[in-house]
Amino acid sequence: MEIRFARINEIDQIVELSKKFADENCCNGVVADDYNYFFGKKVAVVVNKDVIIGYAYGEVGIEITNRSYSKINDKYYYIDEMYIDKEYRNQGIGKRLYQYLEQYAIDNKCVSIQLNAVSKDYKSLLKFYIEELGFEFLNALLIKHIGR
C-alpha cells in the first residue's frame with residue numbers, strides 16, 4: 001500500500017470514491033464531488049495495487065482572528081474531507097493517511113491541524129480522532145429538530 005498525492009489521471013477514481021462516500025450515508029451533508037471539484041486540489045490518496053481505496057484533502061490557511069485555540073497569523077492545515085473505502089476500514093489505513101497529511105502540515109510550518117468531523121456514528125468518530133490521533137475536543141454543534 002502506498003500513500004502519496006494523487007496524479008491528474010487518478011481524479012476519476014477519487015470521484016468514484018466520493019460517490020461511494022455520499023451513497024454510504026454515514027454522514028449528514030456529504031455530497032458526491034465531480035472531476036472539476038477535485039481538479040487542482042492536492043488530494044492525498046491511499047493506493048492498493050493501482051486502485052485508490054482512500055483519499056483526503058485540505059489546505060493550508062492563516063488565522064485572521066485570535067481564537068481560544070489559535071492566534072492571529074498562525075498557520076494551520078484544515079482537513080476538509082477524509083474517506084477510506086468501507087472494505088478497508090479498521091486496518092489502520094485512515095490513521096496512516098492522516099499521518100501523511102500531518103507530516104505535510106509540519107513540512108509547511110503549520111502549528112495546528114483543524115477539521116470538522118462528521119459522522120452518524122459519533123462514538124467511533126471521537127475514538128478515532130481523539131484517542132487514536134490525539135485531537136482535542138473543543139466543541140460540538142448539536143441540533144434537535146422539533147418540527148417543521
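Predicted model: local features only at pLDDT ≥ 70, side-chain atom pairs only at ≥ 80, totals over all residues.
View A. Strand 4 (75-84), helix 3 (93-107) and strand 5 (112-115) are the elements against which the buried residues of helix 4 pack. Within helix 4 (residues 122-132), these buried residues are Leu125, Phe128 and Tyr129. They line one face of the helix, because they fall within an arc of 80 degrees when seen down its axis. An α-helix has 3.6 residues a turn, so residues three or four places apart point the same way.

**View B. The other side and the end of helix 4.** Lys123 and Glu131 are exposed on the other side of helix 4. Glycine 134 follows helix 4 and has a positive phi, near 85 degrees.

**View C. The largest pocket, with a volume of about 1,300 Å³.** The lining comprises 31 residues, of which Leu115, Asn116, Ala117, Asn139 and Ala140 are the closest to the pocket centre. Helix 3, strand 5 and helix 4 each contribute at least two lining residues, and helix 4 provides the largest share, with five. The lining is made up of 21 nonpolar, seven polar and three charged residues.

View D. Met82, Arg89, Val118, Phe128 and Tyr129 are the closest to the centre among the 38 lining residues. Phe128 and Tyr129 are also among the buried residues of helix 4. At least two lining residues come from each of helix 1 (11-24), strand 4, helix 3 and helix 4; strand 4 supplies the largest share, seven residues. By class, 20 lining residues are nonpolar, nine polar and nine charged.

Notes:
Residues numbered from 1 in each chain as written. Heavy atoms only, no water. Buried < 20%, exposed > 50% of the residue type's maximum accessible area, 1.4 Å probe, protein only. Helix = DSSP H or I, 4+ residues; strand = E, 2+ residues; numbered from the N terminus. Arc of directions from axis to C-beta. Contact = heavy atoms within 4.5 Å. 1 Å grid on protein atoms, 1.4 Å probe; cavity = no way out; pocket = protein on both sides within 12 Å on 5 of 7 lines; lining within 4 Å. Points joined across faces, edges and corners; volume = space filled by probe spheres on them. Nonpolar A, V, L, I, M, F, W, Y, C, P; charged D, E, K, R; others polar.
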